Amino acid sequence: MAPTTTKQWTVSGTDKGFDGLGLNEAPIPKVGDNDVLVKLHAASLNYRDLIIPKGQYPFATKFPVVAASDGAGEVVEVGPKVSQWKKGDKVVTLFNQGHQYGPMNVAASTTGLGGVLDGTLRQYGIFNENGLVRAPQNLNYLEASTLTCAALTSWNALYGLRQLKPGETVLVQGTGGVSIFGLQFAKAAGARVIATTSSKEKAEVLKKLGADHVINYKEDPNWGETARKLTPGGAGVDHIIEVGGAGTIDQSFKAIKFEGIISVIGFLSGANTQTTVISTLQNVCTARGVYVGSKALMEDMVAAIEANDIHPVIDKEVFDFEKTKEAYQYMWDQKHFGKVVIKIA
């Protein structure tokens, strides 16, 4: 018999920070004709989840909302008109439920889980059948729960505008989820990877994951020129996954190759920068904002994860569902390496 209620973590608004996160119980609506009821086994956190209750998220939100976009689970019930899924299927959530294929548009940008639509930090959730993607067969639920946002964003950066080619050079910044996935995807494609970090311990882990060069940006503040010198003929980097914002964008422009692509994904070091759009002309490059990706891109990514047996890097600390608030604080304090995961079932 299908459950009738679910426990869930809800963000009430932006005035209380993490204290606006509350655990409550809610009824499960009736499964609609094209809907799927999913028993969620795991969810993972992104920087975006942390800044939504702090009122710093630049995209659409609607409160109260069940938190988080990333989740993996199993289908326990399907509506009568559902054709894509059956009971027992293992699935992961699509970040923007309305972004099925092609370029992002305004309508799709307002369908983000955990922002406008109820997210994944709940025991059971109803999703439209188009809002789910098959989970990779080589991953468990904890690993699969990390793919929705960070992995797909990274995949879009490398394949959404101009596809990464073997032998090209990719630069990733730090050891957050997007950067680690970028490193893994780039190595699987036969690319060279330059990574930046601030600690010797993290540098060793990055090398074990396949980074060809690691630059400590605290020891080398002019790391952009250093990265350029590490590329064939000193021509520059083909793809940069830019997550830092104001503190890193100037160096990214120093590192980028003519006709290279800087995928602007985050602003961990702030959003106010002196760099202007003229820098794209001066460096003959493309700077592109990336807002996760489509279902079609995610299906390609899942196929690549299976073919290359890629396993997401998960932080050593996996949190129980009841400890969700502690997980938020743990990630905010930057104690993590890789993805912070919450075990639901």
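Here is a short tour of salt bridges in this predicted model.

Some background before the stops. Side chains of opposite charge can pair when their charged atoms come close. In this model the count comes to 7 salt bridges. The tour visits some of them.

**Stop one: Lys-86 and Asp-89.** Select both residues. Their side chains meet in a salt bridge, N to O at 3.0 Å. Asp-89 is buried, because its relative accessible area of 15% is under 20%.

**Stop two: Lys-187 and Asp-212.** Now select this pair. The salt bridge here spans 2.9 Å, N to O. Lys-187 lies in helix α5, residues 177–188. Asp-212 sits in the loop between α6 (200–208) and β11 (213–216). The two residues are 25 apart in sequence, so the pair ties together separate parts of the chain. Check the surface next. Lys-187 is partly exposed at 29% relative accessibility. Asp-212 is also partly exposed, with a relative accessible area of 38%.

**Stop three: Glu-204 and Lys-207.** Move to helix α6 and select these two residues, which both lie in it. How many residues separate Glu-204 and Lys-207? They are 3 residues apart, about one turn of the helix. Glu-204 counts as partly exposed at 44% relative accessibility. Lys-207 is partly exposed too, at 45%.

Notes
Residues numbered from 1 in each chain as written. Predicted model: local features only at pLDDT ≥ 70, side-chain atom pairs only at ≥ 80, totals over all residues. Heavy atoms only, no water. Salt bridge = Lys/Arg side-chain N within 4 Å of Asp/Glu carboxyl O. Buried < 20%, exposed > 50% of the residue type's maximum accessible area, 1.4 Å probe, protein only. Helix = DSSP H or I, 4+ residues; strand = E, 2+ residues; numbered from the N terminus.
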